[in-house]
Amino acid sequence: MPIIFYTPDGTLAPQLRDDIVAQQIDIPPTLLHLLGYDRRFMSFGHDLLRTPPAQAWAVNYNNGIYQLVQGNLLLQWDGDKTVGLYDYRADRLLRHNLAGNHTAQPAMEQTLKAIIQQYMKRMNENRLVE
């Protein structure tokens, strides 16, 4: 799903990008940047206008599987092991599982585990907004 930011005067036009992974939680940090907000805030999202595409990611949980999308890759993890790794842009039907055969897998697993750990810790401590 696309995310579109519109300004009547077109000031965002030079910053438009279509190659970055994005999700709904990226909207608040992006809007705070556009509004000039310069104080600290807690967000799992990214400022879509300043984050390099290689550093952007999206996470979801579906039917017992965590999924991390980063760059061209989709990692599927069952909470214990990677069950799938796909180049989702080249393999839209996810037929060619690259798990165990791709150099990015360990780093993606570590990123996903860190995101889950940080989210669960903040949920347990009621600190999702600080």
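Predicted model: local features only at pLDDT ≥ 70, side-chain atom pairs only at ≥ 80, totals over all residues.
Which residues of β3 point one way from the strand, and which the other way?

1. Leu-73, Leu-75 and Trp-77 point one way from β3. Leu-74 and Gln-76 point the other way. All of these residues are buried.

2. Buried here means under 20% relative accessible area.

3. Four strands form an open sheet in the order β1-β2-β3-β4, with antiparallel pairing. The edge strands are β1 (57-62) and β4, and each pairs on one side only. Neighbouring strands of this sheet are turned by 15° against each other on average, direction ignored.

4. **The β2 side.** Strand β2 spans residues 65-70. It pairs with β3 in the antiparallel sense over 5 bridges. Val-69 stands opposite Leu-74 in β3. The hairpin of β2 and β3 has 2 residues between the strands. Gly-71 in this hairpin takes a positive phi near 60°.

5. **The β4 side.** Strand β4 spans residues 82-87. It runs antiparallel to β3, and 5 bridges join the two. Gln-76 stands opposite Gly-84 in β4. Leu-74 stands opposite Tyr-86 in β4. The hairpin of β3 and β4 has 4 residues between the strands. Here Gly-79 takes a positive phi near 95°.

6. **Leu-74, for a closer look.** Leu-74 is buried. It stands opposite Val-69 and also opposite Tyr-86 in β4.

Conventions
Residues numbered from 1 in each chain as written. Heavy atoms only, no water. Buried < 20%, exposed > 50% of the residue type's maximum accessible area, 1.4 Å probe, protein only. Pairing = 2+ DSSP bridges. Axes fitted to C-alpha atoms, helices over the stretch in contact; angles between N-to-C directions.
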